[in-house]
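Here is a short tour of a protein fold, written to be read with the sequence and the 3D view open side by side. Take a moment to turn the structure around before reading on.

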Amino acid sequence: MPPSDASRLPPTVEQTAAPRGVGRDLGGRLLFLGTGTSVGVPVVGCGCGTCTGGDPRDSRTRTSVILGLPAGHLLVDTTPDLRTQLLRERVGRVDAVLYTHDHVDHVYGLDDVRPLCYASGKPLPLYCEERVERRIRKAFDYAFETVPVPGGGLPKVEFQRIGTEPFDLLGARVTPLRLRHGVFDVLGFRFGRIAYCTDTNAIPDETWPQLAGLDTLVLDCLRPTPHPTHFSVREALDVAARVAARRTLLVHMGHEMAHAATSAELPPGVELAYDGLEIPLT
Ligand SMILES: [Zn+2]
Ligand SMILES: [Zn+2]
Ligand SMILES: [Zn+2]
């Protein structure tokens, strides 16, 4: 029997979307999707040793993590590398997104959540401060049009406002941590005995007590030399020493931070994270 006309048509978006749940279950783990600074590493057009050396740990997409919480996968930030990161790590499900701040390298991959929305059939909740919501509504204005767009294909999201008060999300407690990032404030987050503090160059007085008793501190460290909005190696090591977590993992690194050479100089308990690294949630 010849195939009907309908069977020759290209599949619809709904048909091609992965069924919900295909991909890895990250239950009880935190996975580093990206560990690089805003331009990524290698840097386009750069011939330095880090960018051309071929160490896979020096291949850094933009900084983001995803956590396997009791009731689902929580993505922290939507980087411009989001699609590549989810495919690389075989993650097929995101149940909520939590935002640190509104910089391009942390937000502009939001359109890549579309297949996740097709699969779940419901809007993806975005937990963020007002500044981030404003940026998203501006940058992705097409997603908020009230007139239906022919063909659809829009990211479907809903905003959940957060501040510095702790809240429950996907079966876990999230404690926002106020951090300074140059001239403005961003959020880090504490999940149990892990704190995630990217894009910061100063920890305000009120936040230090919230970093007590950590097992793992994930901390911004851009490069060896000072920078107006990110911690340098010296500054990050000072913070690591004061927090005294069992383990400190550095993220948001530029090409000045060759993995092997920099690791050799770090004190015990401080390491460079790398894309694909997984740690247990504690
Ligand atoms: Zn950043
Ligand atoms: Zn380079
Ligand atoms: Zn930033």
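## Overall make-up

The protein has 9 helices and 14 strands. Its radius of gyration is 20 Å, close to the 19 Å that the globule rule gives for 282 residues, so the protein is as compact as a globular protein of that length. Please keep in mind that this is a predicted model.

The C-alpha trace spans about 70 × 45 × 35 Å along its principal axes. Of the 282 residues, 41% count as buried. Among contacts between residues at least 6 apart in sequence, 64% join residues at least 24 apart.

Which strands pair with strand 11? Strand 10 (residues 194-197) pairs with strand 11 in the parallel sense over 4 bridges, with Tyr196 opposite Val218. Strand 12 (residues 247-251) is also a parallel partner, over 5 bridges, and there Thr216 stands opposite Arg247.

## The nonpolar core

The largest nonpolar core has 67 residues. Those that touch the most other members are Val65, Ile66, Ala195, Leu217, Val218, Leu219 and Leu250.

Leaving aside residues up to four places away in sequence, Leu219 touches Cys197, Phe231, Ala236, Val239, Ala240, Thr248 and Leu250.

## Two hairpins

Now look at strand 8 (residues 172-181), which has an antiparallel pairing with strand 7 (residues 167-169) over 3 bridges. Phe167 has Val174 as its bridge partner in strand 8. These two strands form a hairpin with 2 residues between them, and Leu170 in the turn has a positive phi of about 50°.

Strand 8 also pairs in the antiparallel sense with strand 9 (residues 184-191), over 7 bridges. Leu179 has Val186 as its bridge partner in strand 9. Strand 8 and strand 9 form a hairpin too, with 2 residues between them. Which residue in that turn has a positive phi? Gly182 does, at about 70°.

Methods. Residues are numbered from 1 along each chain as its sequence is written. Chains are lettered from A and ligands numbered from 1 in the order in which they are written. This is a predicted model: local features need pLDDT of at least 70, side-chain atom pairs count only at pLDDT 80 or more; totals for chains, interfaces and linings use all residues. Two strands pair if DSSP finds at least two bridges between them. A nonpolar core is a set of buried Ala, Val, Leu, Ile, Met, Phe, Trp, Tyr and Cys residues joined through C-beta atoms within 7 Å. A residue is buried if 20 or more other C-beta atoms lie within 10 Å of its own, exposed if 12 or fewer, and partly exposed in between; C-beta atoms are placed from the backbone. Two residues are in contact if their C-beta atoms, placed from the backbone, lie within 7 Å. The radius of gyration is taken over C-alpha atoms; the globule rule is 2.2 Å times the number of residues to the power 0.38.
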